[in-house]
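Thanks for coming. Please have a look at the structure first.

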Amino acid sequence: KEPKPGATWVMQRYIADPMLIDGYKFDLRLYVLVTGFDPLRIYMFNEGLVRFATERYVNDPGNLENQYMHLTNYSLNKHSTSYVSPAAAAKAAAAAQQAKAEKRQQADEDEDQEDEDDDANDEDVVSSASKWTLSSFKKYCQAKGIDWNNIQQQMNDIVIKTLISVEAEVLKEMWTKCQQSSCFELFGWDMMLDEKYNVHLIEVNIMPSLSCTTSLDKA
């Protein structure tokens, strides 16, 4: 579309080579509490959310209209027929575990080999959920040999540098409109990784949703 004269636009670079898990795009939601800008005081909650698209990603400009492939918003993907809730994934994992327990009772197989296969299958079932906790993603990265400390450091740097970039403007508003020193703000940082595990900022939400639609949200 042609921009209208005088209109305000937000420009973003599309990440065409995102990190994928089982072929799906995902983003990270971090919760950050800021209690002051002078000095700058930041508290990052040690848990967060990982939100998946519900159709496997294909880097083809011809499918850009497929929102379930390219967008990771939970508010959108929860309506997809391919959406798998954390509760449904946990139920499937429990059923798979029960079936394997019954199989062990009936078959005389090598115990070590059987346990190894069970662990792999359990992981596949649990990872089918369309929403994870951040701690689950951390465990996934560590299991795959991905440098989680580097990812964590990149996320911390993005949060700090984003806040520094608006520090002067926020302080000006606080001096004129907020006379009390007990002001605070809760933010929701949305980030995405590319295939080389570089972390990119998507957006910062000043009123992040705190609704708990699943038991996972309460974690």
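Let me start with helix 6, residues 148-165. Helices here are DSSP runs of H or I with at least four residues, strands are runs of E with at least two, and both are numbered from the N terminus. The expected span is 1.5 Å times one less than the number of residues.

Before going on, this is a predicted model: local features need pLDDT of at least 70, side-chain atom pairs count only at pLDDT 80 or more, and totals for chains, interfaces and linings use all residues. Residues are numbered from 1 along each chain as its sequence is written, and side-chain values use heavy atoms, leaving out hydrogens and water.

Which residues of helix 6 are buried? They are W148, I151, Q154, M155, I158, V159, T162 and L163. Buried means under 20% relative accessible area, exposed means over 50%, and partly exposed is in between, with a 1.4 Å probe and protein chains only. Down the axis of helix 6, the buried residues fall within an arc of 160°, so they line one face; the arc is taken from the directions from the helix axis to the C-beta atoms. The face turned away from that side carries the exposed residues N149 and K161.

Now the core. The largest nonpolar core has 30 residues, and F137 and W189 have the most contacts inside it. Such a core is a set of buried Ala, Val, Leu, Ile, Met, Phe, Trp, Tyr and Cys residues joined through side-chain atoms within 4.5 Å. Strand 1, strand 2, helix 5, helix 6 and strand 4 each supply at least two of its residues.

Last, the charges. The whole structure has four salt bridges, each a side-chain nitrogen of Lys or Arg within 4 Å of a carboxyl oxygen of Asp or Glu. One of them joins D27 and R51 at 2.9 Å, N to O. D27 is in strand 1 and R51 in strand 2, so this pair ties together parts 24 residues apart in sequence. Another joins D190 and R29 at 2.5 Å, N to O. With D190 in strand 4 and R29 in strand 1, that pair links parts 161 residues apart in sequence. Both D190 and R29 are buried. D190 also meets R51, at 3.0 Å, N to O. That pair ties strand 4 to strand 2, parts 139 residues apart in sequence. Through shared partners, salt bridges join D27, R29, R51 and D190 into one network.
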